[in-house]
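Hi,

Here is the model we talked about. Could you have a look at it, and then read my notes below?

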Amino acid sequence: MVKPRTLYEKIWDAHVVERRPDGTCLIYIDRHLVHEVTSPQAFEGLRLAGRKVRRPDLTLAVPDHNLPTTPRRDAQGNRIPIADPESAQQLAALERNAPEFGVRLIGDADAEQGIVHVVGPEQGFTLPGTTLVCGDSHTSSHGALGALAFGIGTSEVEHVLATQTLLLKQSKTMAVVVDGELAPGVTPKDVALAICGTIGTAGGTGYVMEYRGSVFRDMSIEGRLTVANMSIEAGARSGLFAPDDKTFAYLKGRPMAPQGADFDAAVAWWRTLVTDEGAVFDKTVVIDAADIVPTVTWGTSPEDVVPVTGVVPDPQSFADPSKQAAAQKSLDYMGLTAGQRMEEVAIEHIFIGSCTNSRIEDLRAAAALLKGRHIASGIKLAMVVPGSGLVKRQAEAEGLDRIFLDAGFEWREPGCSACLGMNPDKVPAGERCASTSNRNFMGRQGPGSRTHLVSPAMAAAAAVTGYLTDVRALMTDKEGMVA
Amino acid sequence: MEKLTTVDGRAYPFGMKNVDTDIVIPAHWLKTISRSGLGKGAFEVLRKEPGNVFDDPDYAGSPILIAGDNFGCGSSREHAAWALGDLGIKVVIAPSFSDIFSGNAFKNGILTVVLPQAAVDRLLEVAKTDPIHVDLETQTVTTQFQDRFHFEIDPFRKHCLLGGLDEIGLTLDDVDAIDSYEAKIAVERPWTVPAVA
């Protein structure tokens with residue numbers, strides 16, 4: 001009898017090129033996404049060693065981190081120079097390296113350009129049952145489609161470019177089970193934050209997660225992308241969803257996905273990619289959907305979560321002395337005091353974007369709340385940065401851009417933007433941002449910036465009131481759809 | 001990668017404990033597009049201090065760095081190993097290293113040698129006036145004063161460093177296995193190759 005296997009074990013087994021005596025495996029990599037920050041030295045390494053990219057056809061390059069979100073071409077179609085010479089140089093390097101090594105580049109002014117983790121699924125480059133890597137920790141996103149996807153360092157980027165493989169040891173497995181139904185106003189982002197709060201940012205270290213239970217089965221592909229994206233925030237390099245009919249419907253007809261009879265053959269294999277009855281996970285975490293509410297972060301780690309209706313915790317309330325000290329340091333940095341109500345925290349910046357929450361459903365949820373409303377007077381800058389040019393175009397076709405602009409938001413070009421501020425979009429020191437991104441680390445959105453992680457609908461709600469706000473208080477019946 | 005068998009020469013008598021990779025190379029150097037040239041940024045903050053070992057002409061170009069406990073802790077940035085390599089360092093000797101740093105160093109042809117604190121203290125003394133000899137084959141660090149310290153190293157890493165084999169070169173030795181895997185997949189899952197856009 002064949003031993004029952006988890007989804008992760010099935011994908012792993014299907015990619016073993018060679019098993020070494022010490023248990024290390026040479027694993028084949030089906031998909032490699034490349035961006036401008038972590039690839040220049042890898043291409044340089046190939047050049048110095050006189051090596052080629054083994055499978056340029058399995059590699060896709062997209063600039064995203066350094067691109068300004070202001071227009072990139074003037075009326076005559078000429079490139080508008082990038083002010084920061086170092087950003088310009090990293091972008092130029094990718095534009096030089098991709099053609100030199102025969103890799104397809106989706107360039108800064110192409111309609112398909114966007115954040116690599118938005119572009120991959122959108123183009124059908126990401127497929128169930130594939131191994132997918134990128135020199136970026138949020139590569140975990142692609143697990144939403146059932147790809148074993150994880151971030152790698154620059155030497156590993158070079159290794160994959162040259163050999164299409166990686167030397168890896170198998171991870172442990174963790175089942176994250178959420179059953180029940182999400183209440184109105186509770187979104188996939190709130191589920192992801194609840195998981196970070198439950199497991200902690202180191203809880204998933206050494207594990208590959210599999211998201212199981214009715215909440216994840218009922219979730220849209222875009223919602224799954226949000227949840228898988230934040231697997232790394234709970235310490236797991238990778239997080240998987242079993243591919244299902246929703247996945248296949250999402251992929252059908254996408255430009256780089258299998259076409260025609262190939263697609264049907266692929267689906268036949270993808271249907272086998274489920275955890276077998278009786279397969280054993282090394283660890284299981286269970287969360288009741290009814291316990292998940294609209295959530296915000298109060299501190300400087302994604303595990304620092306609290307219901308939006310709650311209060312800033314007292315550092316002394318943590319059992320672990322090192323956590324007490326860290327919490328106090330976080331509160332000092334964030335300019336908050338223990339016991340303060342979260343809904344009394346005033347916000348100056350709103351950022352709707354990032355590989356976590358910049359897809360069309362995210363923009364629809366925010367726009368649904370903003371329709372007929374305007375940002376509060378205390379908001380200095382509210383911006384929407386769509387995840388890709390195609391998301392932007394779709395939103396404009398639906399008239400969402402008008403809703404955002406009428407509400408006082410700026411409507412920008414796609415990219416990573418203020419999630420990490422490698423481009424000019426930064427939150428000034430001491431100012432506070434309600435952000436749909438994934439990391440509230442000290443200085444993440446700019447030196448001294450203060451970040452509160454929220455869902456798109458909650459970011460819209462904060463924009464309207466000028467304070468962190470329970471989205472449910474602003475929802476009409478129609479907006480019950482925001483979940 | 002260059003082969004590393006023996007390294008002979010002066011050593012920076014550094015000795016500092018808990019040196020994190022932010023100290024080795026500050027964050028503003030990460031926007032570079034090159035692995036080379038980072039030596040200029042190595043220990044940038046420490047080099048502002050008068051009398052630091054890195055600007056002492058006595059040690060200029062030394063291939064060995066002698067450091068304290070927990071060298072290379074903090075951020076995983078591979079730029080730290082690149083910066084040391086660019087400075088001309090081939091061996092770092094310390095009582096302990098962060099795992100990530102020693103992995104990154106190895107991937108860039110730099111040998112990390114773990115020795116007991118007493119041995120490191122003795123080498124810090126010798127380094128002030130005389131050269132140090134490191135022999136990877138015999139796994140020893142010696143001086144002209146009869147000092148002889150044995151060190152341990154992972155056999156795989158030793159093999160790679162001695163042969164000048166980077167991991168990529170080593171994987172490419174198995175290129176037949178990769179070829180046959182690809183041939184098998186081309187039959188079993190031909191749709192794995194992306195459709196042309």
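Chain B has seven helices and eight strands, where helices (H or I, at least four residues) and strands (E, at least two) are DSSP runs numbered from the N terminus. Before going further, a word on conventions. This is a predicted model, in which local features need pLDDT of at least 70 and side-chain atom pairs count only at pLDDT 80 or more, while totals for chains, interfaces and linings use all residues. Residues are numbered from 1 along each chain as its sequence is written, and chains are lettered from A and ligands numbered from 1 in the order in which they are written.

Back to chain B: along the principal axes its C-alpha atoms fill a box of roughly 65 × 40 × 25 Å. If you take the contacts between residues at least 6 apart in sequence, 70% join residues at least 24 apart; a contact here means two C-beta atoms, placed from the backbone, within 7 Å.

One is an open, antiparallel sheet of four strands, ordered β1-β6-β7-β8 (chain B); strands count as paired if DSSP finds at least two bridges between them. Its edges are β1 (6–9) and β8 (148–150) of chain B, each with a single partner strand, so one side of each has no neighbour in the sheet. On average, neighbouring strands of this sheet are turned by 15 degrees against each other, direction ignored. (Axes are lines fitted to C-alpha atoms, for helices over the stretch in contact, and angles run from 0 to 180 degrees between N-to-C directions.) Four bridges link β1(B) with β6 (residues 132–135) of chain B, and Asp8(B) has His133(B) as its bridge partner in β6(B).

The other open sheet is parallel, with four strands in the order β2-β3-β4-β5 (chain B). Here β2 (11–13) and β5 (111–114) of chain B are at the edges with a single partner strand each, so one side of each is left without a neighbour in the sheet. Neighbouring strands are turned by 20 degrees on average, direction ignored. Within this sheet, β3 (residues 64–66) and β4 (residues 91–94) of chain B pair over three bridges, and Ile64(B) is partnered by Val91(B) in β4(B). Helix α4 (residues 117–127) of chain B lies across β2, β3 and β4 of chain B, at about 125 degrees to β3(B).

**Chain A**

Chain A has 15 helices and 19 strands. Its C-alpha trace spans about 60 × 60 × 45 Å along the principal axes, and 57% of its 483 residues are buried.

In helix α10 (residues 261–270) of chain A, Phe263(A), Ala266(A) and Trp270(A) are buried. Down the axis of α10(A), the buried residues fall within an arc of 60 degrees, so they line one face of the helix; the arc is that of the directions from the helix axis to the C-beta atoms. The face turned away from the buried side carries the exposed residues Ala261(A), Asp264(A) and Ala268(A). Part of the cover over the buried residues comes from α9 (245–251) of chain A.

Towards the other end of my list is Val464(A), in helix α15 (residues 456–465) of chain A. Val464(A) is buried, with 21 other C-beta atoms within 10 Å. Leaving out residues up to four places away in sequence, Val464(A) touches Leu370(A), Arg373(A), Ile375(A), Ala376(A) and Leu474(A).

**Where the chains meet**

The contact takes 36 residues from chain A and 22 residues from chain B. On the chain A side, α5(A) gives the largest share, six residues. That side divides into 15 nonpolar, 14 polar and seven charged residues (Ala, Val, Leu, Ile, Met, Phe, Trp, Tyr, Cys and Pro count as nonpolar, Asp, Glu, Lys and Arg as charged, and the others, Gly among them, as polar).

Best wishes

How values were computed:
A residue is buried if 20 or more other C-beta atoms lie within 10 Å of its own, exposed if 12 or fewer, and partly exposed in between; C-beta atoms are placed from the backbone.
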